[in-house]
Amino acid sequence: MNASETVNWHDANQRYLTAALSELRYLLEQRMEGGKRQSPSPEPSQEDGTERSKDFSAMMPAPPALETLCEMFGLSTFERQILLLCAGVELDSAFPGLFAAAHGDPRRTSPTFSLALAVFPDAHWSALSPARPLRRWRFIETASGENLTQSPLRIDERVLHYLTGLQDLDERLVGYVEPVEVSDDLVPSQQAVAERLAAAWSGPKNGARLPVVHLCGEDIQSQRAIAVAACARLGLNLHAMCAHSVPLEARELAALIRLWEREAVLTACALLLDCRNMDASDATRRSAISHLMEGTHAALIVAGRERLSDAERPVLTFDVPRPTAAEQHALWQSALGPAVAQLNGQLEILVRQFSLNPANIRAACAEGLARVNGGSNPSPETSGDALAGVLWDACRKQTRPQLSNLAQLIEPAATWDDLVLPEDQRQILREIGVHVRQRMKVYDTWGFAAKSSRGLGISALFAGPSGTGKTMAAEVLANELQLDLYRIDLSQVVSKYIGETEKNLRRVFDAAEGGSAILLFDEADALFGKRSEIKDSHDRYANIEIGYLLQRMEAYQGLAILTTNMKNALDNAFLRRLRFMLQFPFPDAAHRAEIWRRVFPRQTPTDGLDMCRLACLNVAGGNIRNIALYAAFVAAEAERPVCMSHVLRAAQVEYAKLEKPLTQSEIGGWV
């Protein structure tokens, strides 16, 4: 082959490997004919191969896989020959017969350490050591239960594929790791983080161990994009592993670490360990992850919310920022294209309300444009309004937090017409809505956020007896503002383990930030009680939990609503930091009559219901709804419209639940 020809690497690599096997076969035949060596040399030799394979290597655009592997893992000439012997069994049909002849047994068609030690001039006993590359990196496999030198040797399948030029992931790693695709999702502020990460890994020289990089934040898509960009700068591919996939059994974990380290060298890879959803109280898994971090020398990136506190290996932490408002605005304009002109300034409202990453913005734009363009040629004005509406809904879907069992998404159905409250309370609710809608204009455009970062969170306390409309008022606000409403399950948030309550609260607030969802802490006095005097460690940590909650509520960009039946049970310092406090009074007779007028849907048939008499029932709105619903079932079974007798039966059941007597003054003259 003329050296000036353009040589395809894969073809040339195959020719190089074939030539190397031919040379080895020739050497093996010559040694067998001329007699076997009597003793191995004590030290390994670093001689190169023959001139023929040198010629092929010189013409290749990149070094052949065999020589690259030998250089990366430090194989001696003798170890290279053993590896080629094992590859020859798979790639050259002449080798099994040669081995059978050498062993004097037609059944022994595999190479052995004994044969290699006897045949090759640069043999050394240390090649058999578990610490040397052939066995340390599992390049070859030996049969168990047999004499080491007489055991048949077999090349590892992944190594064989590598020698032939294939770069497929080791099948034993499938299910543990997956490749991370390259993306262009980085905004300038995140690109800066990628550059800092790449610079940190470019520093260590002379084989020094790279530090673990921790990308701290909530947005795994941005974390992956940053990791991919940094690795691309360093010529590394990126694979990801979920923390739940890390083996817990020590031997299985050690095998995985060894396999991954070998794969990382073979294919120039880094590993991204996704720890977002790891249970912090799972000590066994945390220990396994610590062993993974300590055991691997390969490039490792950890993505998660929590900072690593128990790692012995050096850790560099980078906070992953959300795209700035200006960056998001530019992303929206790019994704919408000409359609952005139809929004008539409503794009700023979307940017103010939702904090999205590039992938979320592209997905929301794709959904919005598809839904609007599916209509029947709307006018530009109608199309702009429709586009703004579907984009808002798409953003809500993109930012719905993954809160698993910590919160329940409530689909708000209540409107202002369903809410019966004195006008003073209704006015405060309207003002809460104003603060939520205008917060970005006041904070950013008008400069209040730059003047002070404290107290920017919008928080409200709804206090009053059960059934007075506290949860319904939250639904009304969510409906009017077109925001998601989440009821926080305090039984899942509060933990008896020290530090776990704060971590659960952090998960709630961090997950809700992107869409500024409304967070409803129902019956909040169970969590936010008065801070106690410190008598023991439990009191101290309980006060820390309350302090952490106060800090997060002040920083939260959305609306946090606390409801309580006992306002006096709340800590005074907590009350001072709330922007709104709204007392829900027990409804008087006039308000109860109004609740009764609105409680039955229009479709419900009624007959002779006297709202004034019904208002004599001295119960709150929640109980009125229960009574109305129960009465509807009684009437439906009787196939009659709802009348006073049905309500009477329902009232008797509700009062029994309340352990409260139903007096004659409340039901006198009903039937």
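How many of the residues of strand β13 (residues 559-564) are buried? I looked this up and found that six of its six residues are buried, so I noted the strand as mostly covered. Buried means under 20% relative accessible area, exposed over 50%, and partly exposed in between, with a 1.4 Å probe and protein chains only.

**Entry 1: ground rules**

I am working on a predicted model, where local features need pLDDT of at least 70, side-chain atom pairs count only at pLDDT 80 or more, and totals for chains, interfaces and linings use all residues. Residues are numbered from 1 along each chain as its sequence is written, and side-chain values use heavy atoms, with hydrogens and water left out.

**Entry 2: the whole chain**

I noted 28 helices and 14 strands in the protein chain. Helices (H or I, at least four residues) and strands (E, at least two) are DSSP runs, numbered from the N terminus. The chain has 671 residues, and 48% of them count as buried. I put down about 32300 Å² for its accessible surface, 50% of which belongs to carbon and sulfur atoms. This area comes from the Shrake-Rupley method with a 1.4 Å probe; for residues, only the protein chains shown count as cover. I then looked at contacts, meaning heavy atoms within 4.5 Å. Of the contacts with a separation of 6 or more, 77% are between residues 24 or more positions apart.

**Entry 3: β13 and its sheet**

I went back to β13 and checked which way its residues point. Leu559, Ile561 and Thr563 point one way, Ala560, Leu562 and Thr564 point the other way, and all are buried.

I then looked up the sheet, which is open and has six strands in the order β9-β11-β12-β13-β10-β14, with mixed pairing. Two strands pair if DSSP finds at least two bridges between them. At the edges I found β9 (407-410) and β14 (580-583), each pairing on one side only. Neighbouring strands here are turned by 20 degrees against each other on average, direction ignored. Axes are lines fitted to C-alpha atoms, for helices over the stretch in contact, and angles run from 0 to 180 degrees between N-to-C directions.

Helix α21 (residues 500-512) packs on this sheet and touches β11 (485-488) and β12. The direction of α21 makes about 155 degrees with that of β12.

- β10 (residues 458-463) runs parallel to β13 over six bridges, and Phe462 stands opposite Thr563.
- β12 (residues 518-521) runs parallel to β13 with three bridges, and Phe521 stands opposite Leu562.
- β10 also pairs with β14 in the parallel sense, over four bridges, and Leu461 stands opposite Met581.

**Entry 4: another sheet**

I found another open sheet of six strands, in the order β3-β5-β6-β7-β4-β8, with mixed pairing. β3 (177-179) and β8 (315-319) stand at its edges with a single partner strand each, so one side of each is left without a neighbour in the sheet. Neighbouring strands are turned by 25 degrees against each other on average, direction ignored.

β6 (residues 269-274) and β7 (residues 300-304) pair in the parallel sense over four bridges. Leu273 stands opposite Val302 in β7. Helix α12 (residues 283-295) lies across β4 (212-216), β5 (237-242), β6, β7 and β8, and runs at about 165 degrees to β6.

**Entry 5: helix α3**

Which residues of helix α3 (residues 65-73) are buried? I wrote down Ala65, Leu66, Leu69, Cys70 and Phe73. Seen down the axis of α3, they fall within an arc of 135 degrees, so they line one face of the helix. The arc is that of the directions from the helix axis to the C-beta atoms. After α3 comes Gly74, with a positive phi near 70 degrees.

**Entry 6: two single residues**

I looked up Glu654 in helix α27 (residues 644-658). Why does Glu654 count as buried? Its relative accessibility is 5%, under the 20% cut-off. The side chain of Glu654 makes a polar contact of 3.3 Å with that of Asn626 and one of 3.0 Å with that of Lys657. A polar contact is a pair of N or O atoms within 3.5 Å; within protein, one must be able to donate a hydrogen and the other to accept it, and residues adjacent in sequence count only if both atoms are side-chain atoms. Leaving aside neighbours within four places in sequence, Glu654 is in contact with Asn623, Asn626 and Ile627.

Gly384 is in helix α16 (residues 380-399) and counts as buried at 0% relative accessibility. With neighbours within four places in sequence left aside, I found Gly384 in contact with Gln342, Leu343 and Gln346. The C-alpha atoms of Gly384 and Ala341 are separated by 8.2 Å, and the two residues are 43 residues apart along the chain.
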